[in-house]
Amino acid sequence: MAPLPGSGLAKGLAVTLRTMTRKSVTAQYPDAQPDLPPRSRGVIGLFEENCTVCMLCARECPDWCIYIDSHKETVPPAAPGGRERSRNVLDRFAIDFALCMYCGICIEVCPFDALFWSPEFEYAETDIHELTHERDKLREWMWTVPAPPALDPAAEEPKEIAAARKTAEKLAAAKAEPDEAQGGSS
Ligand code: SF4
Ligand code: SF4
């Protein structure tokens, strides 16, 4: 059956009337800041101290937008008679956010927890070159990375924390032993 003439218009007006009475959900950004979840993918922070320059993130990045330069440095032996070792020293670490597609692969593959998501997103630039963030800027983003969520109370203790706790207990026990021996001999 053919629709009645004007029924489309009536339907449209009905939708308009219905939505007119509803509360608006439009947020007046930037006056109203969005309440983002802590794990939002805004920008990537680099915790430079953890980076061993293994290059895994740069190799796995599908956009090839991570630029890393480094050089090798010889480290003297830890003990006399030992062998010299060499280590990578970071010269440049940059991410081009004009190319980045926020896939998070670099953060996932980093074996040393050197890359983190920050929910910060207000870094638009008028010059596209400014969207390449060098290591100092990436390091600064680390201050905006939220603390990790609390563990589930029923979860196993993370192995890093368990190892640190055992070492602390051993040290405390070793420190207590001479104290006890002194107390016993006096
Ligand atoms: S989030 Fe994805 S595209 Fe962006 S730098 Fe990391 S791996 Fe590359
Ligand atoms: S994967 Fe991690 S440790 Fe390796 S170069 Fe990238 S940030 Fe550094």
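Mentor: Happy to! Let's start with Pro148, which lies in the loop between α4 and α5 (159-185); helices (H or I, at least four residues) and strands (E, at least two) are DSSP runs, numbered from the N terminus. Pro148 counts as exposed, at 65% relative accessibility; exposed means over 50% relative accessible area, buried under 20%, and partly exposed in between (1.4 Å probe, protein chains only). Its C-alpha atom is separated by 9.1 Å from that of Arg39, 109 residues apart along the chain. A word on the source: this is a predicted model, where local features need pLDDT of at least 70 and side-chain atom pairs count only at pLDDT 80 or more, while totals for chains, interfaces and linings use all residues. Residues are numbered from 1 along each chain as its sequence is written, chains are lettered from A and ligands numbered from 1 in the order in which they are written, and side-chain values use heavy atoms, with hydrogens and water left out.

Now turn to His133, in strand β5 (residues 132-133). His133 is buried, with a relative accessible area of 0%. Leaving aside neighbours within four places in sequence, the residues in contact with His133 (heavy atoms within 4.5 Å) include Val43, Phe93, Phe97 and Trp141. Phe97, with sequence neighbours within four places again left aside, is in contact with Ile44, Tyr102 and Leu131, among others.

Phe97 also belongs to the largest nonpolar core, which has 25 residues. Such a core is a set of buried Ala, Val, Leu, Ile, Met, Phe, Trp, Tyr and Cys residues joined through side-chain atoms within 4.5 Å. Among the members that touch the most others are Phe97, Ile66 and Leu115. Elements giving two or more residues to this core include β3 (85-96) and α4 (135-141).
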